[in-house]
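Open the model in your viewer and keep the selection panel at hand. The stops below go from strands to a helix.

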Amino acid sequence: MLRITIAETVSEQRWTLEGRLVQPWISELKSCWTRTETARRERKCVVDLTGVTFIDKSGEKVLAALSKEGAELIATGLYTRHVVHNIEMKKSNPQL
């Protein structure tokens with residue numbers, strides 16, 4: 001199960017993800033991301049992964065895509081920080 005909560009302010013769109021970032025929830029996350037694209041323009045986008053308990057390879061790919069589109073990924077747990085660190089390293093050095 002994955003819970004997606006979107007909170008909006010004038011300057012920011014904050015996504016809070018809770019649960020497992022795995023199939024079939026990846027397609028729902030992608031769908032929500034696409035639907036809110038217009039509302040996100042010119043605002044900072046933050047994806048809070050504090051409540052995420054597991055991320056599979058498809059979850060890592062979607063997070064990398066969100067990061068590439070400008071989303072700031074926030075992680076606090078050891079596991080999610082490791083995943084985010086790897087995504088950021090690949091983003092800054094695509095040859096990895």
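What follows is a list of selections, with what is found at each.

This is a predicted model, in which local features need pLDDT of at least 70, side-chain atom pairs count only at pLDDT 80 or more, and totals for chains, interfaces and linings use all residues. Residues are numbered from 1 along each chain as its sequence is written, and side-chain values use heavy atoms, with hydrogens and water left out.

Helices (H or I, at least four residues) and strands (E, at least two) are DSSP runs, numbered from the N terminus. Two strands pair if DSSP finds at least two bridges between them.

Select residues 2-8 and 12-21. These are strands E1 and E2, antiparallel and joined by seven bridges. A hairpin of three residues connects E1 to E2. Glu8 has Gln13 in E2 as its bridge partner.

Next, select residues 57-68, helix H3.

Which residues of H3 are buried? They are Ser58, Gly59, Val62, Leu63, Leu66 and Ser67, where buried means under 20% relative accessible area, exposed over 50% and partly exposed in between (1.4 Å probe, protein chains only). Lys57, also in H3, is exposed at 62%.

Finally, pick Gly70, which follows H3 and has a positive phi, near 110°.
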